Amino acid sequence: MSCHRSRLLALTVCLGLAAHAAEAPRLVIVPFVASEGASETAAGKFTTLLDNELKTRGELTVVAPPAAKASAPERPSAPKKAPNPEAVAALAAGKTAFDEVRLEEAIRDLRRGIEGMLADPATADMEGVIDGELKLAAACFRMGEEKDAKNALNELARLSPSFELPPGFPPVFIREFEKAKKRLDKQPRGSVSIEGPAGATAFVDGRDLGMLPVLEEHVPAGLHYVKVEGTRGERFGQVVEVRGLTKVKATFGGAAPAEKAASASIPDPQVSTPLDEAGRERLAAYVKAVGADFALVGVVWKSGDTQLTASTALYSAKKSGFSALAPVTFDSDVLTAPTEAYKLGDEVQAKLGAFGSPASLPLSLVAKARGPVVAKVEPVKPEAKRPSSEEIEVAAPKTRTAILTPKPETRVLDAPSEVVDGEVRGPGREEPPQVKKGGVPVWVIVVTSAVAVAGAGVGGYFGYTALTKPVTGTVTASW
């Protein structure tokens, strides 16, 4: 009886889990758009980070891009192209000969294998090519072919700029490789822009750049090998010579007519900002075509000198509208983006369960903060006012002031003078110089270091007073 109950309980749990999985919302991520100074590479990297983050959430299902939906379910996946068998055999033979110190054979087979492998970038084993270039350079050095050895090291540095030599190589070989890397740093740089089917992954010289579209910057000038791999194993390859901006448009040939028709029937999911009614209708058709319940759209834009911001919105097919999400900010190299992708994933997951009312259109995703508005205020000059006669009379000084200025050569009055009829009488008396101020004669009186003298003009008296301390500078006397 207990065994029967256990089986029944297990069956109930399994049915509940299956029902939960069937009811999980289906979300499709539209590749984010680069805008306002952001690069397509940064937008593509953040889209990939968010896609990987949401795929780890068990409460939702991330719908495959349309490229995977185009083929009929009953058709098997397209077989992956294998590398050129002759090139693979030549590389293997060259590496064996190198290990056995058959250097002439190693050089011959390694060159043939590398050339054959790079002839088709769509299937090239770039790790094998890089290892072949390393062994080719070492074999040439040991044979005394220094020029060929340096050429191989130059190719190694160009195909893998971050490559580090494994231990065991002699110092002279290490120095030559460091020189090759320095020569590479002095070469001009360019960019490679790769576009193609949605959901496909791009590679340059074997480096995984993420989902299309991508823009790889700071690529050394020269030949490089581009590979694009589709979601069903389709492969595209192209040899490009980088000079400035090099554009690559990847296409997968051999699709069945019905498959091409299905792909053509899927509308373009790219949305513009602001989100308007036309974009909503286009996205609604896209979501229906891929069989999703929700779509996540976003714009990556430059919000600072070394800062990017991803502004996103969630589209609900049931509500037929958008709901804006909180923007997230990360560095321009997308190094801090994983943490922000995790935060955004939490908000997306919460919004799937409680979408709310759709936002009104148009909805702008790029909203830059404006600085404070500064009004220019012109200073108001006060109107000149002519004073009245009464104000002049009130403001007039009640006393006259004479400024007594010391002079280098002075005469000391060492005895009081006699005042007779308002005039000064005394031995050696000289009339002090006069100046007129406002029509009134004023004496310019000299002050010595021992005596202070004050005087007046017409009808006044003057006298002198001995000082107890030396006086220098300017003295003011009033009467």
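Below are legends for a handful of close-ups of this predicted model.

Residue numbers start from 1 along each chain as its sequence is written, and side-chain values use heavy atoms, with hydrogens and water left out. Since we're looking at a prediction, local features need pLDDT of at least 70 and side-chain atom pairs count only at pLDDT 80 or more, while totals for chains, interfaces and linings use all residues.

**View 1. Confidence along the chain.** The mean pLDDT (the predictor's confidence in each residue, from 0 to 100) of the chain is 74, with 64% of its residues at 70 or more. Helices (H or I, at least four residues) and strands (E, at least two) are DSSP runs, numbered from the N terminus.

**View 2. Strand β4 and its partners.** Strand β4 (residues 189–195) is largely enclosed by the rest of the structure, because 5 of its 7 residues are buried (under 20% relative accessible area, with a 1.4 Å probe and protein chains only). Strand β7 (residues 214–220) runs antiparallel to β4, joined by 5 bridges, and S193 stands opposite L215 in β7. With strand β10 (residues 245–249), β4 pairs in the parallel sense over 5 bridges; here I194 has V248 as its bridge partner. Pairing takes at least two DSSP bridges between two strands.

**View 3. Helices α7 and α8.** Helix α7 (residues 146–159) packs against helix α8 (residues 171–186) at about 55°, axes 9 Å apart. The axes are lines fitted to C-alpha atoms over the stretch in contact, and angles run from 0 to 180 degrees between N-to-C directions. The contact involves residues including L153, L156 and A157 of α7 and F173, F177 and L184 of α8.

**View 4. A four-stranded sheet.** What is the strand order in this open sheet? The 4 strands run β6-β5-β8-β9, with antiparallel pairing. At the edges, β6 (207–211) and β9 (235–242) each pair on one side only. Neighbouring strands of this sheet are turned by 25° against each other on average, direction ignored. Between β5 and strand β8 (residues 222–229) there are 4 bridges, and T201 stands opposite E229 in β8.

Notes. Buried means under 20% relative accessible area, exposed over 50%, partly exposed in between (1.4 Å probe, protein chains only). Contact means heavy atoms within 4.5 Å.
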